[in-house]
Amino acid sequence: MKIAISSGKGGTGKTTVASNLASYLADSMPVALIDLDVEEPNSGIFFKHELVHTEVKYKNVPDWLQDKCVPCDICKDVCNFNAIIRLGDQIIPFPQLCHSCYACVELCPEKALVMRQERIGVLNHYNENNLDFIESILDIGTEQPVPLISQTIKYTDNAINNDILKIYDTPPGTSCPVIEATKNVDLVLLVTEPTPFGLHDLKLSIEAMKELGRPIAVIINRYGIGNDETEKHCKDENIEIIAKIPNLRKIAELYSNGTIIYNKVDQFRIELDKVVNYIREHLK
Amino acid sequence: MKIAFSTKGEGWDAEMDPRFGRAAYFLIYDEDKDTLETADNGKVADMAHGAGPQAAQLLFQYKPDVLITGNGPGGNADRVLRQTGIKIYIGAMSGTVKQAYDKYKNNELKVF
Amino acid sequence: MKEIVIISGKGGTGKTSLTSSFTMLSGNDLIAADCDVDAPDMHLLLKPDLAKSYEFYSGELAVIDYDKCTSCGICMEVCRFDAFSIIDDLYKISKINCEGCAYCSYVCPEKAIEMVTQNVGKWYISNIKSGSQMVHAHLNVGAENSGKLVAKVKNEARRIAKETDKKYILVDGSPGIGCPVISSLTGADFVVIVTEPTASGIHDLKRVNDLVKRFNIKCSGIINKCDINPAACREIEDYFTAEGIHHLVSLSYDENFTKAMTEGKTIVEYDNGELYNKINNAWENITDLLQTKGESQ
């Protein structure tokens, strides 16, 4: 089963929930936690586990073979992302702009373009007992996170057994990277805070997940601040609120030190239990 | 020498555009012939991706020796322009094309 | 006219709350630009009137004309994004998976595939309660956040600022380090990074600072919720010093941040005590630093 922990607004506690949930479940069953927030991956801060595998990740981009080129401009014309230009008799491809569709390479009549690998980031796979932790880190200056997100998901599908529960910590927001991270999961848990910003962005997330046809449930973090509009909205929309994590300073302090929380704060563990029960129900 | 400017309009009184890739126009002044040509970058300016290299491709058709602009080209465009050997001067963020040209002649612009 | 961009790397540090406060403090001196187009929130505090609204188009999706399609399947063979499936004997394109590369359209022997430009959002020019104007936008869910909409918002803000002779443009940037953030940073004169003294906050601060350094823009920092972890706070202060990031102010965790937001107010409208003073000082600090920059432009 695949579960995504997502949110519209950043800073609501996605990573806090995902990390603690994975750690808690790992006490009694094998679990995989995958950090797909490749621009700013943070789950690893909570785990100091053994690195079992690391690999550089690439996307395929075209390389120009001058000797074979006519030139005919087909590659330039066929590229819908403006990733190929011609300067005099030089064809210049742009890796940053390339979406790896292969049109230029496959349509070049002279086979003057071949794919080569362009580095986009690195994937790390850690393990300790029941918990497998996989994260990918996008190289600074690389513009598109989506190829790295989809490759990380593929790696996980191959490296981790199908019957092991997979928890995905997704990026914030509702655009492309989040869609890529959630489009094939079985359940999306939306973490929000009960404030106007939180509610506004939660509504966007709900809309996005409905478009993808993903089942959703909500976890309210920092319960006690703000107002009760969020609860009202979820009730009106028939969306189940499965946990309400209280706004405790102790939680913030432990988080700030990169410490796992559930074994130190009872109220947090009680709410986490509710999430676990909900997941167990869904697994049946 | 041929001097190119990233601008918002046409003619010596047009305002400089500090951007490169999404500049509205490029004006190319041929110092030897004393002619001012206009290249319309409008189509490129509207592109979602890759405006920089496309603008460079457009500009290259005029074979300028010098480019005068405001911020300087972004990473992708810069890579392309370096290959052509063009000399880039930045700092002409606002004012007219004429004023930018005078600044260039008086060594008041920075080399990119 | 100077452009100030406020970013955070990590979400939830208080970036938008602070940007809104600075907007209120500066009154008619600036144009605000909400460039967090994926999840824009400034409008919740600044009450924009959406005086002008515009549709935004970006990217293309492939669409099949079934009158021409012969179901030859060449489109599905060339697609690298898993966008094709066969349902009820018809070839169907998944809107979510279609990357808009147009390869299928190019090779279709019947010319049965058309590339259709997508309406992916709206952008607005609004009057806001500070008396000034704000340019903001909203990207539809699932849309590609290419940076083009961010660029649009910023350019409109610049245009208006020029026309109305404003001193500043204040940009609320996106979280992260990808395309939209890069787009927020181009052309900036001054950057403010809002961070928090947590392990995640520090981690993301370093990554976003690495990005800012590539642009060579004068950089400053605000540490929010500084009392949550004094040791981490000191670590950030040391990092600021080592990196030449000007430390504007440290703010203690204050419930007034949320209370103000809940009432639809910026902090400076809600609070008139120490928090107000610190935020006000930070803003004056920013404008002072911008004066002393004074390079010939």
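**Entry 1: chain A in outline**

I began with the domains, whose bounds come from an automatic or database domain assignment: chain A is divided into domain 1 (2-57 + 120-283) and domain 2 (66-111). The centres of domain 1 and domain 2 of chain A, taken over C-alpha atoms, are 40 Å apart.

I noted that this is a predicted model, in which local features need pLDDT of at least 70 and side-chain atom pairs count only at pLDDT 80 or more, while totals for chains, interfaces and linings use all residues. Residues are numbered from 1 along each chain as its sequence is written, and chains are lettered from A and ligands numbered from 1 in the order in which they are written.

The C-alpha trace of chain A spans about 70 × 40 × 35 Å along its principal axes. Chain A has 284 residues, and 52% of them count as buried (20 or more other C-beta atoms within 10 Å of a residue's own; 12 or fewer is exposed, in between is partly exposed, and C-beta atoms are placed from the backbone).

I counted 9 helices and 11 strands in chain A; these are DSSP runs, numbered from the N terminus, with helices being H or I of at least four residues and strands E of at least two. Then I looked at contacts (C-beta atoms, placed from the backbone, within 7 Å). Of those in chain A between residues at least 6 apart in sequence, 73% join residues at least 24 apart.

**Entry 2: the sheet of chain A**

In what order do the strands of the open sheet run? I read β3-β6-β7-β2-β8-β1-β9-β10-β11 (chain A), 9 strands with mixed pairing. Two strands pair if DSSP finds at least two bridges between them. At the edges are β3 (50-64) and β11 (241-246) of chain A, each pairing on one side only. From one strand to the next, the twist averages 20°.

I picked one pair to follow: β1 (residues 2-6) and β9 (residues 187-192) of chain A run parallel and are joined by 4 bridges. Ser6(A) stands opposite Leu190(A) in β9(A). Helix α6 (residues 196-212) of chain A lies across β1, β9 and β10 (216-223) of chain A, and runs at about 170° to β9(A). Axes are lines fitted to C-alpha atoms, for helices over the stretch in contact, and angles run from 0 to 180 degrees between N-to-C directions.

**Entry 3: two helices of chain A**

At what angle do α1 (residues 14-25) and α9 (residues 266-283) of chain A pack? I found about 75°, with their axes 11 Å apart. α1(A) and α9(A) are therefore roughly perpendicular to each other (65 to 115 degrees; under 35 is roughly parallel, over 145 roughly antiparallel and the rest oblique). Asn20(A), Leu21(A), Tyr24(A) and Leu25(A) in α1(A) meet Leu272(A), Val275(A) and Val276(A) in α9(A).

**Entry 4: a hairpin in chain C**

Over in chain C, β4 (residues 84-87) pairs with β5 in the antiparallel sense over 4 bridges. Ile87(C) stands opposite Leu90(C) in β5(C). The hairpin has 2 residues between the strands, and Asp88(C) takes a positive phi near 55° there. Strand β5 (residues 90-93) of chain C covers one face, with Tyr91(C) and Ile93(C), and leaves Leu90(C) and Lys92(C) on the uncovered one.

**Entry 5: where chains touch**

Last, I looked between chains: the contact of chain C with chain A takes 48 residues from each. α7(C) gives the most to chain C's side, with 8 residues.

Key
Contact = placed C-beta atoms within 7 Å.
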